[in-house]
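The entries follow the order in which I looked things up.

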Amino acid sequence: MPTIKDVAERAHVSIATVSRVLNKTRYVSPDVVRRVQQAIHDLDYQHNALARNLRRSQSLTIGVIIPDSNNPFFAEMTRGIEDTCFEEGYVVVLCNSNEDVNKAASYLTTLYQHRTAGLIVVAPGDMTEPLEDYIQRGYPIVLVDRPLPNLSADMVVSDNYGGARLAIQHLVSLGHRRIGLITGDHHLETVKSRWCGVEEAMKEAGLPLLPELTYNRGDFLAESGREGAAYFFRLEQPPTAIFALNDLMALGVLSYAYDHHIHIPTQLSVVGFDNIEMTSYAVPGLTTVAQPKYELGQQAATLLLKRIQGDSAVLQKTTLPTRLILRHSTGRPRAEP
Ligand code: RIB
């Protein structure tokens, strides 16, 4: 039975090009199309995707499990996944776990039973055990954004440590000495890494990490950012700056400041993390740490497709760089009274 690989070799093109010609997912030059079609004819290749993949007991479908489909961060990341999969003739099925490990585990089982070819997961918490079980069954799984250190899977993450360090260094360079921190769920590796970056930068600056300036009930949603700001402004000496460990919480801080006539940045500087598109339209624009959201998705999908197509190279953990985006939500603190 001739395979797509045989067609590619005969036409002197890649497997991906043959897939594009067959699925018409992207422009291919007439000359290449002709060569591929000639090879298909010569080899009598049967491109019956469903039949072929049923024989291999898998579909041309990729499962993606994200923690919060309302959060633009995941929407921008998923776009990178979907564009990459579409190019290779795969369809993406998107599942929202709502930051719930049990719901994510339920989707994991369902997607496996529905013969999806592989899975990209942003874990809402520790899912090492259920994921490892399916990996051992040969189900291709790639983690993106949130790593699970003990899982034997490919992972693509951002430099969370370096990004958080940049945020604190920026505020210190402006002269801030009392910096309020609104964290996310400390069980998440991304939060742990960002917190380490905060600790390192504060230590470098000779600033203590004061418990009263840390709001630990952040949940990555905007409302918890508002609640964190309200907490800080009930203090006898509120911070002159707030670093929230994601943009939605930082936008919640901006919303609180607006409602309480706190001028940004003269009375309060605010920094977020993610650089979701709406941060550039906030008033004032939000200074934030940019994650390479599209590239995270693109590289996770590329890795997964390689695994699906039989690549058995050693597992990869890829860390993509983060960078500080300066806008108008940060400035020098007013002179201490
Ligand atoms: O905004 C959602 C957060 O959770 C982001 O910082 C991203 O890293 C995800 O893990």
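**Entry 1: Lys-317.** I began at Lys-317, which lies in strand S11 (residues 317-320). Lys-317 is exposed, with a relative accessible area of 54%. My classes are buried for under 20% relative accessible area, exposed for over 50%, and partly exposed in between, with a 1.4 Å probe and protein chains only. I also checked Lys-317 against Pro-67: they are 250 residues apart in sequence and 21 Å apart in space, C-alpha to C-alpha.

**Entry 2: ground rules.** This is a predicted model, so I noted that local features need pLDDT of at least 70, that side-chain atom pairs count only at pLDDT 80 or more, and that totals for chains, interfaces and linings use all residues. Residues are numbered from 1 along each chain as its sequence is written, and side-chain values use heavy atoms, with hydrogens and water left out.

**Entry 3: the whole chain.** I counted twelve helices and twelve strands in the protein chain. Its C-alpha atoms fill a box of roughly 85 × 40 × 35 Å along the principal axes. Of the 337 residues, 55% are buried.

**Entry 4: the ligand.** Which residues are around the ligand? I listed Asn-71, Phe-73, Phe-74, Asp-145, Arg-146, Arg-194, Phe-220, Asn-246, Asp-274 and Gln-291. To be near, a residue needs a heavy atom within 4 Å of the molecule. The shell divides into three nonpolar, three polar and four charged residues. Here Ala, Val, Leu, Ile, Met, Phe, Trp, Tyr, Cys and Pro count as nonpolar, Asp, Glu, Lys and Arg as charged, and the others, Gly among them, as polar.

I then looked at oxygen atoms of the ligand. A polar side-chain atom of Asp-274 lies 2.7 Å from one. For the side chain of Asn-71 the distance is 2.8 Å, and for Gln-291 it is 3.0 Å. The protein covers 99% of the 280 Å² of accessible area that the ligand has on its own. Those areas come from the Shrake-Rupley method with a 1.4 Å probe; for residues, only the protein chains shown count as cover.

**Entry 5: helix H3.** H3 covers residues 30-43. Its 14 residues should span 20 Å at 1.5 Å a residue, and its end C-alpha atoms are 20 Å apart, which agrees. The expected span is 1.5 Å times one less than the number of residues. Val-32, Val-36, Ala-39 and Ile-40 are buried in H3. They cover an arc of only 100° around the axis, so they sit on the same side of H3. The arc is that of the directions from the helix axis to the C-beta atoms. Exposed Pro-30 and His-41 are on the face turned away from the buried side. Just after H3, Asp-44 takes a positive phi of about 55°.

Methods: A polar contact is a pair of N or O atoms within 3.5 Å; within protein, one must be able to donate a hydrogen and the other to accept it, and residues adjacent in sequence count only if both atoms are side-chain atoms. Helices (H or I, at least four residues) and strands (E, at least two) are DSSP runs, numbered from the N terminus.
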